[in-house]
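Here is my notebook from an afternoon with one protein.

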Amino acid sequence: MSSSMRYVLDKVYLTYFLIHLPVLFCVDLVPLYPASLWVPPSSPLHFLYELRVYYIETYNDQFFAPPPAAIPSFFPLFAFLELVFHLPVSLWAIRVLFGSSRAVDDGVKEGGLDGRAELLLLVYGIETALTTATCMYETFLWDPAVVTAQQKMVLLGGLYGGYLAIAILLTVDMYSRLLKRLNTTDIRKKIQ
């Protein structure tokens, strides 16, 4: 892959993480906050409650609907993963990807991720693809009397589908970059 393509992909990933971070804080992690901070109308983060109501009313996402909506047994684990894995990796990735490109003599930008960064982003991509695909499969199975086919298409094709596409792209890209590194190392060892 050319350095200009790596540069473009790194900027796509940076944009993803810049969007993902507010989604984490304003949507995904909100149920982990003390209710007194965001539920009562006088609470300092009440806008998060209003955002949640809007999201549920607009998209009918049953993962975020209040009881009696059944929350799948895996969903609290996924929320925990977002707190202990997605959040720190997202903060780290923004810093690394923001400074990962540098100009070279011919004016082309070259990606500056090292092997450790590519490995962590590979793990992140695999984990994100698997958890997103699991949520998409569960969404597909939701009762049509509760979530219409049109609502499912918006959730699957728009909201969750975008996350899955980026996660797969990130996984394939980081795998390719790491494989190139390993092949280069193997060739050097054979020459010596």
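Entry 1: How many nonpolar, polar and charged residues are in the lining of the largest cavity? I looked it up and found 6 nonpolar, no polar and 1 charged residues. Here Ala, Val, Leu, Ile, Met, Phe, Trp, Tyr, Cys and Pro count as nonpolar, Asp, Glu, Lys and Arg as charged, and the others, Gly among them, as polar. The lining residues are Cys 26, Val 27, Leu 48, Leu 51, Arg 52, Tyr 55 and Phe 64. Helix α3 gives the most, with 4 residues, and α1 also supplies at least two.

On a 1 Å grid over the protein atoms alone, a cavity is a set of points where a 1.4 Å probe fits but cannot get out, and a pocket is an open set with protein on both sides within 12 Å along at least five of seven lines; lining residues have an atom within 4 Å of a point. Points are joined across faces, edges and corners, and a volume is the space filled by probe spheres set on them.

**Entry 2: what I am looking at.** This is a predicted model, in which local features need pLDDT of at least 70, side-chain atom pairs count only at pLDDT 80 or more, and totals for chains, interfaces and linings use all residues. Residues are numbered from 1 along each chain as its sequence is written, and side-chain values use heavy atoms, with hydrogens and water left out. The mean pLDDT (the predictor's confidence in each residue, from 0 to 100) is 91, and 93% of residues reach 70 or more. Confidence is highest in α5, at 97, and lowest in strand β2 (residues 109-111), at a mean of 50.

**Entry 3: the layout.** I counted 6 helices and 2 strands, in the order α-α-α-α-β-β-α-α along the sequence. Helices (H or I, at least four residues) and strands (E, at least two) are DSSP runs, numbered from the N terminus. The C-alpha trace spans about 65 × 35 × 25 Å along its principal axes.

Entry 4: Next came the largest pocket, with a volume of about 840 Å³. Of its 35 lining residues, Val 23, Asp 28, Phe 64, Tyr 160 and Tyr 163 are closest to the centre. The largest share of the lining, 8 residues, comes from α1. By class I noted 24 nonpolar, 7 polar and 4 charged residues.

**Entry 5: the cores.** Buried residues (under 20% relative accessible area; exposed is over 50%, partly exposed in between; 1.4 Å probe, protein chains only) make up 40% of the 192 residues. A nonpolar core is a set of buried Ala, Val, Leu, Ile, Met, Phe, Trp, Tyr and Cys residues joined through side-chain atoms within 4.5 Å. The largest has 24 residues, and Phe 17 and Leu 97 are among those with the most contacts inside it. Helices α1, α4, α5 and α6 each give two or more residues to this core. Apart from it lies another core of 20 residues, including Tyr 55 and Phe 78.

Entry 6: Asn 60 has a phi near 55°, a positive value in a residue other than glycine. Asn 60 sits in the loop between α3 and α4 and is buried, with a relative accessible area of 15%.
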